[in-house]
Amino acid sequence: MTVQSNRKSQFDIIRILAILMIFNYHFCMEIGASESIFCVYKNGGWGSVGTSIFFLLSGYLIHMGSKNSNIITYIKKRFLSIYPALWLSFILVYLLTSINRNNYFWGGEIWRIVLSFIGVDTYLQYYYVPTYSCVGEWFTAMILFLYVSYLLLRIFIKKCPAITTIVITILYFAECIKGIHPTVPADASIFTGLMLFWLGMLMQEYPVILEATYLKTALALITGIAVAFIQLPFIGNVLPWKNLLGISIFYLLNMIFSKFSYNTNVGKILKFFSSISFAVYLVHHFIIKQMIGRFGIEQYLFTYLFSLLISVITASAITKITANFKLK
């Protein structure tokens with residue numbers, strides 16, 4: 001029996017590969033292997049490529065499923081897709097961290113825990129705000145910003161797509177060249193996330209963008225190979241090359257995996273691992289640090305595999321517990 005929605009399965013695969021890029025990047029950084037091919041390529045780090053793919057995918061899938069949703073339903077779905085897992089992950093890791101430190105107030109005034117429950121704690125650290133940040137990355141605050149922005153973006157994509165594209169592009173390159181947020185890495189700029197999220201929306205709104213042609217495939221391949229293996233000149237900073245590599249990989253993965261049919265069992269497996277990707281993202285960095293502290297870096301392959309296994313098990317438990325809070 002074949003799964004009816006090959007598109008969903010292909011996007012499950014893309015999401016899984018993106019979270020693995022981020023996991024690999026953080027693991028390599030933690031063991032001091034910052035020059036590893038699993039960590040960096042010629043023009044940047046794979047972590048930024050993984051987040052680029054996530055923003056594209058989020059824009060595509062959110063627009064596909066929510067372009068006609070009423071505001072209340074949309075807000076409820078987005079709230080429940082993030083906060084139950086975020087809160088459970090934070091409580092678990094905060095308690096473990098506090099026990100290890102023998103201090104429950106290690107992040108400063110206790111009210112700052114509110115910042116963690118909102119999901120902006122890690123991002124605020126770029127502005128030198130002390131927080132209790134211990135799960136997730138800056139990506140959490142970014143995705144919250146984009147989810148809220150979508151309520152306006154879905155109007156703009158219908159009313160004035162060309163003008164909106166021009167404005168977002170200008171803001172993006174202003175960030176790349178001038179650095180609008182001086183204390184925030186360009187990867188984490190709201191203008192970077194907005195550009196990629198909007199591009200994902202455009203891909204969904206205008207399917208011809210993702211339609212496979214020999215020319216687009218050749219351009220994506222050439223671009224991907226060039227960015228990955230050739231040192232290219234900076235355009236303000238290295239950010240455009242990182243994002244361009246993410247866009248190229250997204251296009252190629254979509255083209256390749258959309259060609260396959262997936263039987264029911266394969267579809268279920270892909271759906272499962274895709275469904276836990278957010279929880280993996282939330283807890284993986286903490287788990288990597290704990291496993292390295294326990295097993296060291298000498299047997300790095302064992303430490304890597306064990307870190308990945310514990311991340312998957314923990315994420316599965318978090319996802320299962322919080323699944324009851326999601327809208328059906």
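This is a predicted model: local features need pLDDT of at least 70, side-chain atom pairs count only at pLDDT 80 or more; totals for chains, interfaces and linings use all residues.
Colleague: What is the value of phi at Asn102?
Modeller: Asn102 is a residue other than glycine, yet its phi is positive. The angle at Asn102 is near 55 degrees.

Colleague: Which loop holds Tyr128, a residue whose phi is also given as positive?
Modeller: Tyr128 is a residue other than glycine, with phi near 65 degrees. With a relative accessible area of 68%, Tyr128 is exposed. Its place in the chain is the loop between α5 (121-124) and α6 (139-159).

Colleague: Which residues does Ser133 touch, not counting residues up to four places away in sequence?
Modeller: One of them is Ser116, which is 17 residues from Ser133 along the chain, with the two C-alpha atoms separated by 6.2 Å. With sequence positions up to four places away left aside, the residues that Ser133 touches are Trp106, Ser116, Asp121, Thr122 and Gln125.

Colleague: How many salt bridges does the model contain?
Modeller: Side chains of opposite charge can pair when their charged atoms come close. The rule applied here asks for a side-chain nitrogen of Lys or Arg within 4 Å of a carboxyl oxygen of Asp or Glu. By this rule the number of salt bridges is five.

Colleague: By what are Arg15 and Asp12 separated in helix α1?
Modeller: The side chains of Arg15 and Asp12 form a salt bridge, at 3.7 Å from N to O. Asp12 counts as buried, because its relative accessibility is 5%. Arg15 and Asp12 are three residues apart in helix α1 (residues 6-30), so their separation is about one helical turn.

Colleague: How many residues lie between the positions of Lys67 and Glu205, counted as their distance apart in the chain?
Modeller: Lys67 and Glu205 form a salt bridge, with their closest N and O atoms 3.6 Å apart. This pair links distant parts of the chain, since Lys67 is in the loop between α2 (46-66) and α3 (71-101) and Glu205 is in helix α8. Their distance apart is 138 residues.

Colleague: Which residues are linked in a network of salt bridges?
Modeller: Lys67 forms a salt bridge with Glu205. These two residues belong to a network of salt bridges, whose linked members are Lys67, Glu205 and Lys158.

Colleague: Is α8 roughly parallel or roughly antiparallel to α10?
Modeller: Helix α8 (residues 190-205) and helix α10 (residues 239-257) pack with their axes 12 Å apart and at an angle of about 25 degrees. Angles under 35 degrees fall in one named class. For this reason α8 is, relative to α10, roughly parallel.

Colleague: How many residues in the contact of α8 with α10 are nonpolar?
Modeller: The two helices cross in a right-handed sense. In the contact, Thr192, Leu196, Leu199 and Met203 of α8 meet Leu239, Asn243, Ile247 and Phe250 of α10. Two of the contact residues are polar and no residue is charged, while the nonpolar ones number six.

Colleague: How is α12 placed relative to α13?
Modeller: Helix α12 (residues 277-295) and helix α13 (residues 300-322) have axes 8 Å apart and pack at an angle of about 140 degrees. That angle makes the placement of α12 relative to α13 oblique.

Colleague: How many nonpolar residues does the contact of α12 with α13 have?
Modeller: The crossing of α12 and α13 is right-handed. Residues in this contact include Val283, Ile287 and Met291 of α12, and Phe306, Ile310 and Ile318 of α13. Six of the contact residues are polar and no residue is charged, and the nonpolar count is 13.

How values were computed:
Residues are numbered from 1 along each chain as its sequence is written. Side-chain values use heavy atoms; hydrogens and water are left out. Axes are lines fitted to C-alpha atoms, for helices over the stretch in contact, and angles run from 0 to 180 degrees between N-to-C directions. Helices (H or I, at least four residues) and strands (E, at least two) are DSSP runs, numbered from the N terminus. Angles under 35 degrees count as roughly parallel, over 145 as roughly antiparallel, 65 to 115 as roughly perpendicular and the rest as oblique. A crossing is left-handed if the near helix is turned anticlockwise from the far one by less than a right angle, and right-handed if clockwise. Contact means heavy atoms within 4.5 Å. Ala, Val, Leu, Ile, Met, Phe, Trp, Tyr, Cys and Pro count as nonpolar, Asp, Glu, Lys and Arg as charged, and the others, Gly among them, as polar. Buried means under 20% relative accessible area, exposed over 50%, partly exposed in between (1.4 Å probe, protein chains only).
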